[in-house]
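Subject: Structure for your review

Dear colleague,

I am passing on the structure below, followed by a summary of what was found in it. Please read the notes beside the model itself.

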Amino acid sequence: MDNKKLDENVIEPKTEVSSETDTHDTTQAVSEPQEESANIQPETEKNSVSPGFIFNLFFILVVAFGALGGGYYLYQELVLQQQKSQALATELKQALSEPARQISSLQREQQEFSGSITRDMKGLTDSQTQLNERVAKLAQRNPNHWMAEEAKYLVRMAGSKLWLEKDPSTAASLLKSADDRIESMKDPSLTPLRKALAQDIASVSAIKSTDIAGTVLSLDSIIENLHQLPLNRADVANAAKRIESPEMSESLDDWRSNLAKSWQALMDDFVVVRKRTTDSAPLLKPDQQWYLVENIRNKLLQSQLALYRKDQVNYRQSLTLARKWIYQYFDLNSPRTEETLATLDALSTLEIQTASINHFKSTALLQQLVLHGNVMVNEEPSL
């Protein structure tokens, strides 16, 4: 019994085991399809990608590219800023270098100016010293040295008056004044100098002075008054003097006498005789007077030019032709015409002379007197 009970006890668990086994088998059976379906689902998920995953991946890529673009833009901006900073630094350096260069240039110029001022001051000091020494030497010389200087200056002025201004009379006066200065020195050794001055004075005094300025003014007066000279015109209306008709006799017996008187009156009215006071030259029309006056004016201007050029031949030819035209075509009974012709006759006799000497003999001797204090006669005077 006990064994049966044991058997039963033993069997019951077996039944339970079997039931558990069945349950387990059933559960296993039920769970196996689930596991198979679970195993199939991951494989399906592994084989197909979900849209969410693609979107996330695309978003991540967009963000990554945006980050890369932003980083590259920031890098470019940073490089650009660095370049601008470098350019600004370069410009600032150049802007600062220009004032520095100008300052250095001004400093060099100031140094050079200071050096030049120093040199000029030194030169002025040396010049002042030399001048003082020269004044001291001159003070120790003979007081007649100043007379010699003044005589030399007067001779130089005489040369200017003679050769530049064509004034020999003033030149002779200046030479005489220079001789007076030499005479006041009371030095017998200066006799050769005074002899040379006397020769110069004689040569200049021999030159006849030509009053060029006065002659030109006289010609100007004639030119201005040409239009006032009256032409030698013939007035036909007043030139013929009518003879009064003789009285006729009323008697028939005097018919011969009356006929002769009538014939004489007819001949007097038909033929008119006029006399001229000039040579046989054609009379000018009134409208031709302007051309005549201009031609005469031209000749007088040519005579003035020849006078300035010291051309004696052209001067006289121009005056002669102008006088000839005035004599032929203008009224000789007019006082203006007579005065003009008389003036032209006087001007045509003018002698134009030039200086025949080209240097003064006393110039070299005066130069020796000023430089050496004496006159060296044994030396040939140089020009």
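**What was found**

At a relative accessibility of 67%, Lys186 counts as exposed, where exposed stands for over 50% relative accessible area, buried for under 20% and partly exposed for what lies in between, with a 1.4 Å probe and protein chains only. The model is a predicted one, in which local features need pLDDT of at least 70 and side-chain atom pairs count only at pLDDT 80 or more, while totals for chains, interfaces and linings use all residues. Residues are numbered from 1 along each chain as its sequence is written, and side-chain values use heavy atoms, with hydrogens and water left out.

Lys186 sits in the loop between helix 4 and helix 5, and its phi is near 55 degrees, a positive value in a residue other than glycine. Lys310, which is not a glycine either, has a positive phi of about 60 degrees; it lies in the loop between helix 9 and helix 10 (312–329) and is partly exposed, with a relative accessible area of 23%. As background, most residues other than glycine have a negative phi.

On the chain as a whole, the secondary structure comes to 12 helices and zero strands, helices being DSSP runs of H or I with at least four residues and strands runs of E with at least two, numbered from the N terminus. Of the 383 residues, 20% count as buried. The chain exposes about 28500 Å², of which carbon and sulfur atoms supply 56%, the areas coming from the Shrake-Rupley method with a 1.4 Å probe and, for residues, only the protein chains shown counting as cover. Among contacts (heavy atoms within 4.5 Å) with a separation of 6 or more, 74% join residues 24 or more positions apart.

Leu369 belongs to helix 12 and is buried, with a relative accessible area of 4%. Setting aside residues up to four places away in sequence, Leu369 touches Ala148, Ile182, Met185, Leu190, Leu193, Asn374 and Val375; the C-alpha atoms of Leu369 and Leu193, 176 residues apart along the chain, are separated by 9.1 Å. With the neighbours up to four places away again left out, the residues touched by Phe360 include Val155, Leu162, Trp163, Asp200 and Val204. Asp179, in helix 4, is buried at a relative accessible area of 13%, and beyond its neighbours within four places in sequence it is in contact with Arg194, Leu197 and Ile201.

Finally, the axes of helix 6 (residues 212–224) and helix 9 (residues 289–308) come within 10 Å and cross at roughly 175 degrees, the axes being lines fitted to C-alpha atoms over the stretch in contact and the angles running from 0 to 180 degrees between N-to-C directions. Helix 6 and helix 9 are therefore roughly antiparallel to each other, a term for angles over 145 degrees, as against under 35 for roughly parallel, 65 to 115 for roughly perpendicular and oblique for the rest. Residues making the contact include Ile212 and Leu219 of helix 6 and Leu300 and Tyr308 of helix 9.

Best regards
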